[in-house]
Amino acid sequence: MTPRWELRPLDPELTARYENDGWWGDETLGSIMAESLAAAPDMAVHVHSHTHAWHGTFGAVDDEARRLVSVLQAEGIKPGSVVAFQMPNWREAVVAFAALTMGGYVLVPIVHIYGAKEVSFILREAGVDAYLSPAAFGHVDYASIIDTDPAGVRLHLIVGGGGDRPAPPGVRRIGWEAVDAAVPATELPDPDASDVVVLAYTSGTTSDPKGVIHSHRTLLADIDQMSSWITPGHPNLMGSPVTHATGMLGAVLSPVRLREPIHLLDRWDPGHALAVMADHGIGGGTGASVFLAGLLDHPDFTPAHAANMRCVGLGGAPVPVALGRRAEAHGIKIIRAYGSTEHPSITGSQFDDPPDQRHGTDGPPMAGVEMRLLDDDGHEVGVGTPGEIVSRGPDLCLGYTDPALNDAFDADGWYHTGDIGVVDEHGALTITDRVKDIIIRGGENLSAAEIEGVLAGVEGIAEVAVVAAPDERLGEHACAFVRLQPGLEPITVADLQPHLESAGLARQKWPEELRVVPDFPRTASGKIRKVDLRAGLGAEAADDKEST
């Protein structure tokens, strides 16, 4: 396939190494999906939903996915086209992922809570030809997004009713019933393993999401790395969305490749999750720390649940040390892992590592991964000295859809993460600060700059800085520090919400904490020292733990 994106240069020596070491081969996501679904047709797939429950098999997913491929082909959406899908963890989300990989498309998974601002930007920048979504879910009206701004989309396939809703000029809108009526595709394309297969959008330091480019090879390398954390025969209930990197890799692709059952929730409710876990004798809590914390905190949590949660992998958001210790008290081993959409698996411990390492660090580099810590002058630092984390490995992405962002990758293939860490004498990494101006809330990146831009429009606010605050349940949440104009009365978080709502800021981005300050700590040039704000919040959280 001729690249339509300006990919970062790949070092031929690194490519040869990854091929020789078995990280990169000729398999594709589609070939693995088709082979595994066909090889285990009776393997179970469960969607545990109050409104869209479904209990089927790999064989049923395979059949419906092939029907979806036929529909897309009949509508002129050819292999290599860019197709976005935005839906909760329903059956159709699993089917869409399978179909788009098997059909040779470039997938653009969009988290279902993203609203018009983010979705319109993603559809336009990615060059999306077809968009698969419900008419609406929760507070997001997906059909209205397309009606207001088609963003170049030619086909809108609606799940669950609404396919007869009039579409804007240039857009053909059909319902999922077209999939039910289609004949399953028997001939599937055979793309090259080095082709682009996923554009994964993640919030960054700017207001617009960043499109991260992955090939079949980079994503499959990550699955191989994650396999060391998976215990065959012990499935987990997953709340991470299939349209998020964590859910896509951990909730669908890994179980399918390993031919293990799939268990999904479409709305995270710890009480419902515990009931499902008890009924099916399965584990849970894997993903961002919010999932495990929600289970441990719930009054319905029992020793029987803990017995099925013997090993839980946590990542995608900061993991409080106290959470690991609480889990261990119930007989649950946890490991912390560090990565990003750009480089999914940089470090991680193993379940047989000592508890102090598993609870207090993010582990050593994963197999095949190289990592360095650099000081401000670009020199590598040693044990115990903080430095910016740079990494490279077979699961590192191929760059960004916006080539202006590719300066994050240097000429030797190193990715400059923008995170600050320190390595101990055992080679285990601990994240200590962040250069990138983001908050990782429950596994989702929030742009501090975007939130600040909206808050700056609130009458009476003279200056604002948004930083990450420690959160026992979510890992982090957004804390807004504001300096008010002279003579104004203090304000509260509730006072901000009408403005945030009218500005169209997605609700998960709303600050959950507000501090009114007379002034900010500053650099000599007058820039706000966010590192001091974060440090102060961290110290407060530590003091609170000691006093309880």
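Visitor: Which residue is the bridge partner of L314 in β14?
Guide: That is R336, the partner of L314 in β14. Please keep in mind that this is a predicted model, where local features need pLDDT of at least 70 and side-chain atom pairs count only at pLDDT 80 or more, while totals for chains, interfaces and linings use all residues. Residues are numbered from 1 along each chain as its sequence is written, and side-chain values use heavy atoms, with hydrogens and water left out.

Visitor: What makes β13 and β14 paired strands?
Guide: Strands are DSSP runs of E with at least two residues, and helices are runs of H or I with at least four, numbered from the N terminus. Two strands pair if DSSP finds at least two bridges between them. β13 and β14 (residues 333-338) share four bridges in the parallel sense, so they count as a pair.

Visitor: Why do β13 and β15 stand at the edges?
Guide: Their open sheet has three strands in the order β13-β14-β15, with mixed pairing. β13 (311-314) and β15 (347-348) each have a single partner strand, so one side of each lacks a neighbour in the sheet.

Visitor: Happy with that! Which strands pair with β11, and what makes both its faces covered?
Guide: Strand β1 (residues 44-48) runs parallel to β11 with four bridges, and H48 is partnered with L265 there. Strand β10 (residues 236-238) is also parallel to β11, with two bridges, and M238 has L264 as its bridge partner. In a regular strand, side chains alternate between the two faces of the sheet. In β11, I262 and L264 on one side and H263 and L265 on the other are all buried; buried means under 20% relative accessible area, exposed over 50% and partly exposed in between, with a 1.4 Å probe and protein chains only.

Visitor: Why is the pair of Y18 and W24 called edge-to-face?
Guide: Rings of Phe, Tyr and Trp (its six-membered ring) pair if their centres lie within 6.5 Å; planes under 30 degrees apart are stacked, over 60 edge-to-face and the rest tilted. The rings of Y18 and W24 have centres 5.1 Å apart and planes at 65°, so edge-to-face it is. Both residues are buried.

Visitor: What makes W268 and F291 an edge-to-face pair, and why does it tie together parts apart in sequence?
Guide: Their rings are 4.8 Å centre to centre, with 85° between the planes. W268 lies in the loop between β11 (262-265) and α10 (270-280) and F291 in helix α11 (residues 289-297), so the pair ties together parts 23 residues apart in sequence. W268, at 25% relative accessibility, counts as partly exposed, whereas F291, at 8%, is buried.

Visitor: Which residues line the largest cavity?
Guide: Among them are Y18, W24, R392 and G413. Helix α1 (residues 12-20) gives the most to this lining, with three residues.

Conventions. On a 1 Å grid over the protein atoms alone, a cavity is a set of points where a 1.4 Å probe fits but cannot get out, and a pocket is an open set with protein on both sides within 12 Å along at least five of seven lines; lining residues have an atom within 4 Å of a point.
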